[in-house]
Amino acid sequence: MSAPTGVGSHAAGLYGSRAGENLLRSGAAELLGTFVLVLAGGAVAVGAGTTDPPVYDLLAIVLAFGLALTALVAALGHVSGCHLNPAVTLGLAVTRKFPWRAVPVYVVAQLVGAVLASLATWAVHTGRGREVANLSTTLPAPGVSDGRAFFVEALITFVLVLVVISVATDDRVPAAAAPLAVGAALAVCIFIAAPVTGGAVNPARAFGPAVVSGNLDALWLYLLAPVVGGVLAAVVYDRLLAPAQAPTPEDD
C-alpha cells in the first residue's frame, strides 16, 4: 500500500503507513498500541472507581485516553497506521484504503491487545479492580435503553472515524496536525458519551475489560454500534467530502 498521493487516493494508508508489506510486524504494532491505549484509560478509570475518596475524575479518564492516543499516533502511525480500533480498520477496508486480507490480522491484534491490557489493569489494581470497577467495562447507564446506547456509540464513533480518516488519509492535511486532532476527537467523544454509555468508541476497548471481568451483558452493543458508525463515517468522507475543494475567487 503506497503512501498518500492525492485527494481521496484509494491506495493511501493512515499517516502514510504501508501496512501489509510486513503484516506480522504491523499487527504487532497494533497489538502493542491497543494494549497501551486500553491500559492507559482503563487503569485510570479503575483508579477512579476503586479509591475513596476518588483519586481521579472524568476529566482524568478522558485525558488519559486522549493523550495516550495522541502519543501512539505520533509513535506508531507510520508503522501500522495506528488504527487501534476495529471500526477504523473496517471503515478503511470498506472504502478500499486498506486491504481486506489484512483486516483479520489487525482486528485480532487489537482484541488481543485489549485483553492483555485488561489483565494488566487487574494486576495493577488487584481483585478490587475487577470486583468493584469491572476493569472499566463500558455499560449503558441505568435507565438507558439498548437502542439509545447503540445510537450514542454509533454517533460518537462516526465523529472519531471521520476525523481519523480526514486527517490521516488526505494529503492536504498537515501531517503534524494528525496526532493532536485524533487524540482530541477521542477525548471529545468520550466526554459526550460517558454519562450515557461510558464512551467506548471502540469495540476493542469494550471487548478487553468485558471478557476479563466476565461482564458480557451489553458487549454485543459495543462491538456492533461502533462498526456501524465507523463504516458510515468512512463512506461519507470518501464519497462526499474527500473530492471537495474550498471555493476560490475564480468560482465567484
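A salt bridge here is a side-chain nitrogen of Lys or Arg within 4 Å of a carboxyl oxygen of Asp or Glu. Keep that in mind for the second stop. This is a predicted model, in which local features need pLDDT of at least 70 and side-chain atom pairs count only at pLDDT 80 or more, while totals for chains, interfaces and linings use all residues. Residues are numbered from 1 along each chain as its sequence is written, and side-chain values use heavy atoms, with hydrogens and water left out.

**Stop 1: Glu30**

Select residues 23–50, and you have helix α1, with Glu30 in it. (Helices are DSSP runs of H or I, at least four residues, and strands are runs of E, at least two, numbered from the N terminus.) Is Glu30 buried or exposed? Its relative accessible area is 0%, so Glu30 counts as buried. The scale runs like this: buried is under 20% relative accessible area, exposed is over 50%, and partly exposed is in between, using a 1.4 Å probe and protein chains only.

Now show what surrounds Glu30. Leaving aside neighbours within four places in sequence, its contacts (heavy atoms within 4.5 Å) are Ser80, Gly81, Cys82, His83, Leu84, Tyr106, Ala109 and Gln110. Draw a distance from the Glu30 side chain to that of Ser80, and you get a polar contact of 2.6 Å. A polar contact means a pair of N or O atoms within 3.5 Å; within protein, one must be able to donate a hydrogen and the other to accept it, and residues adjacent in sequence count only if both atoms are side-chain atoms. The Glu30 side chain also reaches the backbone nitrogen of Cys82, at 3.4 Å.

**Stop 2: the salt bridges**

How many salt bridges are there to find? The count is 3. Start with Asp238 and Lys97, whose closest N and O atoms are 2.6 Å apart. This pair ties together distant parts of the chain, 141 residues apart: Asp238 sits in helix α8 (residues 219–241), and Lys97 in the loop between α3 (86–94) and α4 (103–131). Both Asp238 and Lys97 are buried.

Asp238 has a relative accessible area of 8%, so it is buried; Arg239, at 57%, is exposed. Together, Lys97, Asp238 and Arg239 make a network of salt bridges.

Then jump to Asp170 and Arg172, which meet in a salt bridge of 2.5 Å, N to O. Asp170 is buried at 3% relative accessibility, and Arg172 is partly exposed at 38%.

**Stop 3: a nonpolar patch**

Helix α2 (residues 58–80) supplies the largest share of the patch, 4 residues. Leu58 lies in that helix and is partly exposed, at 36%.
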